[in-house]
Amino acid sequence: MSVALLLLCAICAGLLTGCGSGTSATRVVRVGYLSTDMHQLAYYVAREKGFFTQEGLDVREVGAFSAGPEEMSAFSAGQLDMGYVGAAPAITFASQGMADIKIVAQANTIGSSIVVRPGLDIADVNGLKGRTVAIPGVSTMQDFILHKALDEAGVDPAEVNIIVVKPPDMIASLASGQIDAAVVWEPYPTMAVAQNAGRVLITSAKILPDHPCCMVVVDSKFLKDNPDTVKRFIAAHIKATDYINANKLEAADMAHLWTGQDTSITRVAMKNIKYAYVPSVKAIQSYVDFMKKSGVVKQKDTAAFTRSLVDTSFTGGSGR
Amino acid sequence: MAMKTTGRALSLRGLSKTFIEKKTGRELEVLDSINLEIEPGSLTCLVGPSGCGKTTLLRLIGGLEMPTAGEVLFEGVPVTGPGPERGVVFQEYALFPWRTVLKNVSFGLDIVGMPGGEARRKAEGYLQTVGLTGHEDLYPRELSGGMKQRVAIARTLAVEPRILLMDEPFASLDAQTRNGMQEFLVEVWQRTGTTVVFVTHSVDEAVFLGGDIIGLSKRPARVVDTFTNSMKYPRGRTEPEFIALRALILEYLTREMSDT
Amino acid sequence: MSRWWKIVPPLVALALWELLAGLGWLGKTPTPVQAVRGIYELIATGLPPGYHLQGHLLASLARVFTGFAVAFVIAVPLGIAMGAWPLASVIVDPLVEAIRPIPPLAWAPLALIWFGLGLASSAFIVFLGAFFPILLNTVSGVKSVDPHLVEAARTLGARKRTILARVLVPGSMPSIITGMRIGMGIAWMTLIAAELIGVKNGYGLGYMIMTARDLARYDLLVAGMVVIGVVGFLIDWLIRLGEKRLLRWR
């Protein structure tokens with residue numbers, strides 16, 4: 001009994017000093033990420049290159065998730081402090097009050113494409129009229145991209161059969177002609193091309209330059225209690241992002257190791273992904289506006305909601 | 001030889017049966033060179049120590065088993081399988097639980113394509129014979145053991161067999177019902193004139209029913225003795241003649257069972 | 001003890017759920033009241049908006065009944081053959097035993113290649129879920145038919161085909177119906193999972209709850225779960241009703 005008490009006291013003391021004292025002690029961060037998502041390569045690079053450790057962080061992987069909504073549920077359950085996740089689930093869960101989080105950095109921008117099935121002879125987005133187009137989910141970034149593209153081409157979305165298909169199944173569906181086109185993130189477009197299951201009609205960079213994609217988010221309470229830890233985490237993230245941009249070939253090899261995709265895929269796919277860490281409030285808000293239009297976001301003042309959601313102070317951004 | 005058999009309902013010639021146990025591969029000799037002649041219209045009982053092979057003998061006649069040696073001749077023709085001319089009544093009733101009483105009785109008629117109305121009328125007639133009029137629409141589970149066996153007998157009679165093979169049909173009935181069913185069987189036999197071969201382990205039952213009572217040895221079964229019972233029907237179980245024959249048969253049975 | 005006692009445990013569970021969720025002890029779990037309101041929203045507004053619950057329900061039912069019907073039509077005759085003829089069993093058994101342990105959903109990517117995204121694909125996965133319970137119960141049903149009944153039929157003049165049709169089939173009916181009930185339950189569960197992959201026409205209960213998940217609408221998610229549970233229960237209830245009618249002799 002008394003031994004246990006003593007032990008408990010010792011642990012408490014240790015924790016207290018750990019939190020109180022400065023740089024020497026390690027800080028625990030419970031993180032989640034999407035498994036094998038090339039957009040989140042910075043996380044893998046920071047981990048493998050020891051950037052987190054250099055910042056005195058003890059990064060503990062709570063989960064490698066297969067989909068964003070599950071990762072956001074883990075935030076909701078209080079099991080994650082920080083995470084790499086897509087903009088769509090992050091904003092959706094925040095808007096519904098299902099998770100109390102802040103976006104503190106960008107993981108990447110652009111990196112999606114509209115892919116059309118082999119044999120579909122169309123030159124531009126206009127040709128999608130009357131076709132079946134797959135998106136990964138309702139009001140996802142890809143849904144937004146598609147609507148934007150159709151809008152610019154002057155095509156009424158009602159004239160396009162938009163359906164939801166999970167990305168891994170999109171390639172088979174394209175190959176068998178079940179769908180005419182798919183809007184999906186890398187490396188799926190590159191994979192589709194490599195497997196002769198489709199060709200890229202247009203990249204998202206051309207539709208929505210620098211549109212946000214994957215984000216680094218933090219639990220609001222964790223941010224309030226441990227701003228310094230978050231700062232260190234983002235510092236490591238920035239270092240990793242810079243490293244990727246300075247060493248593309250090596251980064252592609254690392255992406256191969258992480259996702260299991262062949263380097264021939266990762267090298268091509270990386271050309272379509274922009275690794276950038278400063279979140280753009282303006283770009284995010286235009287996406288939030290789209291989500292509001294489709295009824296997913298209920299907040300009246302989207303500008304205020306976006307401002308409350310995005311914290312650019314860690315990336316030195318100004319919120320362009 | 002063929003001339004000699006024409007008058008017989010049933011001839012068993014050197015009938016032997018050996019089973020091979022599936023698990024051990026051991027041979028089990030059940031019947032050993034049985035010779036037997038059965039007259040048309042007779043009511044013959046087969047008795048013997050339990051497990052001696054009485055049931056196997058009946059199944060060979062029914063064509064449900066094939067002999068290892070020897071042959072079964074029914075009206076001079078070798079038996080190669082079951083057939084409606086040789087009706088079998090099982091100890092377990094073997095009624096089709098999903099068919100009503102009436103539909104059980106008409107089974108043999110339905111499967112040869114007899115028109116529904118005719119089959120129904122005929123089945124109703126046999127149900128009347130066995131005293132079950134008014135129970136046509138019941139299912140077997142709603143019947144007592146005695147009633148089930150009456151249905152089974154009516155079902156067998158309905159296909160008008162020329163011989164009725166009965167395998168301890170009353171063994172699982174209570175004593176009172178059993179006595180009633182025995183009287184009932186004698187009545188049906190007298191009315192239809194069908195040849196009956198009746199297997200039982202009850203000496204009392206054999207003496208009450210049998211014109212000829214065949215005594216079998218313990219396994220492998222051989223014919224040990226044939227007792228002739230010339231008492232008039234209906235037989236009184238307390239008559240001296242009944243008691244004397246019963247004692248005689250019991251004596252043989254006791255001898256058979258103690259013998260090693 | 002009258003029958004109304006039976007509804008007490010579910011009511012207590014509901015009240016407990018309402019209380020705990022209302023107090024926030026279950027995290028962000030919606031309360032039963034929110035779930036019921038969610039059902040209303042699914043009917044009135046739809047999810048995604050315009051895609052109403054009725055459409056989702058019909059699409060799922062069409063898929064489940066197609067897959068189930070194909071499973072039934074193949075599994076029952078095959079099961080009877082396997083039960084009646086040892087040779088059929090010897091030939092088919094190894095194949096059945098090899099395929100049976102594979103979860104139906106594992107076939108999803110292949111189903112996509114073979115049948116595409118439409119009805120056939122999800123019906124195929126449903127078929128796989130329903131097929132084996134029906135098959136195995138049919139086989140065991142035929143094998144469990146009292147051999148005396150077969151012998152009785154033979155002595156009454158029945159040939160092989162008659163025995164099959166008039167003895168083995170009706171005799172194995174209770175077991176076949178049990179197989180149908182289990183098969184339908186698995187079919188329904190499998191379907192919901194199969195629809196999570198994606199559907200071509202935008203309708204399906206599994207697709208609907210996946211959308212609810214993606215949109216963080218957990219009230220609609222739970223509402224969808226309730227609908228799935230109730231429909232599954234009703235289907236089973238219908239089969240049991242049919243069973244009572246068909247097996248009055250039991």
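This briefing covers the interface of chain C and chain A, then a sheet in chain A. The model is predicted: local features need pLDDT of at least 70, side-chain atom pairs count only at pLDDT 80 or more, and totals for chains, interfaces and linings use all residues. Residues are numbered from 1 along each chain as its sequence is written, chains are lettered from A in the order in which they are written, and side-chain values use heavy atoms, without hydrogens and water.

**Interface of chain C and chain A**

- On chain C, 22 residues are in contact with 27 residues of chain A (heavy atoms within 4.5 Å).
- The two chains bury about 2100 Å² between them, 58% of it on carbon and sulfur atoms (accessible area, 1.4 Å probe, lost on being put together and summed over both parts).
- Two salt bridges link chain C and chain A (a side-chain nitrogen of Lys or Arg within 4 Å of a carboxyl oxygen of Asp or Glu).
- A:Lys166 forms a salt bridge with C:Asp214, with the closest N and O atoms 3.2 Å apart.
- On the side of chain C that touches chain A, α5 (108-115) and α9 (205-214) each supply at least two residues (helices are DSSP runs of H or I, at least four residues, and strands runs of E, at least two, numbered from the N terminus).
- The largest share, five residues, comes from α9(C).

**Sheet in chain A**

- Five strands form an open, mixed sheet in the order β8-β7-β9-β6-β10 (strands pair if DSSP finds at least two bridges between them).
- β8 (161-164) and β10 (199-203) are the edge strands, each pairing on one side only.
- β7 (residues 132-135) and β8(A) pair in the parallel sense over four bridges.
- A:Ala134 stands opposite A:Ile163 in β8(A).
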